[in-house]
Amino acid sequence: MSIFENFQKLGKIKHDNSDYEYQSFNDEDEEDEKVDLHLTWYIVPLIVFIAIFSYQLFKLQIVSGAQNQVLAQGNRLREEELPAPRGLILDDKGESLVTNIPQYNLEINPLNLPAEKKDRIKVYETLKEYLGDTEETNNLIKDVEDNKLYSTQEIKVKSLKDRNEAMLAQLKFNNIAGVQVDVVPSRKYDTSTGLSLVLGYVGKISEERLKNDRSYSMTDLVGQNGLELAYEEYLRGTKGSKKVEVDSTGKVQRELNSVDPEVGNNIVSTLDLGLQKKATEILSAMINSLKDKDVKHGVVVVSNPQTGGIMAMVSIPYYDNNLFIEGMSNEEYEKLINDENQPMFNRVISGVYPSGSVIKPVIAAAGLDTGVVSDSTTINDPGEIKIDEWSFPDWKNHGIVDIKKAIAESCNVFFYAIGGGWEDIKGIGVDTMKKYLERFGFGKSTGIELSGEESGTIPDPAWKKETKDEDWYLGDTYHMAIGQGDFLVTPLQILNATSAIANGGTLYKPHLVNKVTDKDGKTIKEFSSEKISTSLTDNNVLSTVQEGMKQCVESDSGSCRLLKDIGVSAAGKTGTAQFDANDLKKTHAWFTAYAPYDNPEIAITVLVEKGGDGFDSAEPVARDILKYYFEHKNDKPKTE
């Protein structure tokens, strides 16, 4: 029954010239009316729906047609980041300490994977053929499907070892949507330099760092420690980008446009690459020669005493920072960080040790500056001091000793007297001794750019009571005056104090970088030397201490005589530090020195852990390094 017929059954309308007459229905007509009214309730909403649908279609096609066309275009276009090469780290002559190399990675680009799951499964099967149907591969695929299917970041599948492997992978996945071989700039470090603990390495950015700095992306390689971390803001470059067109299956059809990345700035360090390599070689040879004595660890650190610039820094053993670039398994990483020899531990800044006698020039300066002793004060060294049942020995009976001879021959009794008093010398006491040690930079970090620096320990009665719940005795003061007991230092602190004595009383903040330059060598930023303090003591005081350190080299009875062989005048101090209370024969070997004597341009500190006497193992290392420096300091940098 048509809609028109339904309306006819509703009634008959009579028409004359003036009015309308409505005729009533019979019973059968009343039933039909009820059915037709019920249908009307379905028809009206249908008409409304058609009207709304027509309006929306009109709006999509006509009103918003241009905008939707742009949006549809976005489904075919992909914009990709192009990582920037990092700037170089150079030595003070412009020699590169790190190299940029291409790193080839097999990656999954989730946005380019096929939209249909059945097509993605074909991609995954090809991946399994290439990588192997292993648990690791299956976990990777599951992670992509479950968590990262709509990620805008590429997912690294495998590092490819060289260009040949990259080309083979490219052929394998050439027509596979969503899998690609990408080339990113990476680092290569020279392990012969011994600089891994100074340079650090780059690695994938952490989630926390990414959260705090949105200028990075998840695949970025950033400095993780060392100079790579400390100067990240200068070394990182500016990313580029490219826009590519992909088809409906996600395959790249063509590149539309690109913006090249900009290389990062260069860091010009204070390091001398030749000196660094030689120091590593010489210290390694000494440690190897003492293997039968269980010697495994050592330190060399060299600076310019006029600026605080570090010229060489060696801590043995050290790790290969290329391992972090090439990628390590969890097992390999755990083995590295749990190695009992701690190759990732920088002993120059983080190792704390009893100083032994290399601290005596500072104690001498404190005694002279306070007037407790003068350059004419003498004692008759009996070989030991006895107080009740306690004995405080010297390493030999030195006879008549003044302060210069006490430094040159490392006379313990003279320094016991300066610290705690003996006979006519009243001593400066622990509190004054601590004040001077702090003045020369002990008990606090030096502030060098590297992370992980320790401050060492200067004990006093309050510290001992709190730490050991013991009282302070005169013997503690005596031990502190010769660098024993609970007094602990880092090798860098000893070098810094030696440099302050050498330059006439200025304590500099040690640093590793002179300036930042762009890729063309233009200076962008310079870092001037920073003075921590000046005029540490009276000039006459330091002159006397310097004379004592010079006698250590030039006197026939001095303990630094090996330095006569370096070709210039020098000043130095040996040290032999006991570190095992149960076996006093176990000692670390120390040596610290500077040269030339009249106009110092280099200062050096050497520590050989468990190396015995300072003049046996530490001093020969310093002698050979200083000799190399003065023979080669005017060498021009090598050219490519």
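This is a predicted model: local features need pLDDT of at least 70, side-chain atom pairs count only at pLDDT 80 or more; totals for chains, interfaces and linings use all residues.

Colleague: Good to know. How many salt bridges does the count come to?

Modeller: The count comes to 34 salt bridges. One of them joins the side chains of Lys610 and Asp294, with N to O at 3.4 Å.

Colleague: Where do Lys610 and Asp294 lie?

Modeller: Lys610 is in the loop between β25 (602-608) and α23 (614-632), while Asp294 is in the loop between α11 (273-289) and β13 (298-303), so this pair ties together parts that are 316 residues apart in sequence. As for accessibility, Lys610 is partly exposed at 39%, and Asp294 is partly exposed with a relative accessible area of 39%.

Colleague: Nice. What about Asp369, which residue does it form a salt bridge with?

Modeller: Asp369 pairs with Arg439, and their closest N and O atoms are 3.7 Å apart. That pair links distant parts of the chain, 70 residues apart: Asp369 sits in helix α15 (residues 360-370) and Arg439 in helix α18 (residues 429-439). Asp369 is partly exposed, at 28% relative accessible area, and Arg439 is partly exposed too, at 30%.

Colleague: And the salt bridge of Asp624 and Arg623, what is its N to O distance?

Modeller: For Asp624 and Arg623 the distance is 2.5 Å, N to O.

Colleague: Is Arg623 buried or exposed?

Modeller: Arg623 counts as buried, because its relative accessibility is 18% and the cut-off for buried is under 20%. Asp624, at 32%, is partly exposed.

Colleague: Which residues are linked in a network of salt bridges?

Modeller: Arg86, Arg187, Glu228 and Glu232 are linked that way.

Colleague: Let's switch topic. How many disulfides does a search of the whole structure find?

Modeller: The search finds one disulfide. It is formed by Cys552 and Cys560, whose sulfur atoms are 2.2 Å apart.

Colleague: Why is the disulfide of Cys552 and Cys560 right-handed?

Modeller: The torsion about the S-S bond of Cys552 and Cys560 is about 65 degrees, so the disulfide is right-handed. Cys552 is buried with a relative accessible area of 0%, and Cys560 is also buried at 0%.

Colleague: And Cys411, buried or exposed?

Modeller: Cys411 is buried, with a relative accessible area of 0%.

Colleague: At which residue does α23 bend?

Modeller: The bend in α23 is at Pro620, by about 25 degrees.

Colleague: Last topic, strands. In what sense do β12 and β20 pair?

Modeller: Strand β12 (residues 266-269) and strand β20 (residues 513-517) pair in the antiparallel sense, over four bridges. Within that pairing, Asn266 stands opposite Thr517 in β20.

Colleague: And over how many bridges do β20 and β21 pair?

Modeller: β20 pairs with strand β21 (residues 523-526) over three bridges, in the antiparallel sense. The bridge partner of Lys515 in β21 is Glu526.

Colleague: What does Gly521 do in the hairpin of β20 and β21?

Modeller: Gly521 takes a positive phi near 90 degrees in that hairpin, which has five residues between the strands.

Key: Residues are numbered from 1 along each chain as its sequence is written. Side-chain values use heavy atoms; hydrogens and water are left out. A salt bridge is a side-chain nitrogen of Lys or Arg within 4 Å of a carboxyl oxygen of Asp or Glu. Helices (H or I, at least four residues) and strands (E, at least two) are DSSP runs, numbered from the N terminus. Buried means under 20% relative accessible area, exposed over 50%, partly exposed in between (1.4 Å probe, protein chains only). A disulfide is a pair of cysteine sulfur atoms within 2.5 Å. The bend at a residue is the angle between axes fitted to the seven residues ending there and the seven starting there. Two strands pair if DSSP finds at least two bridges between them.
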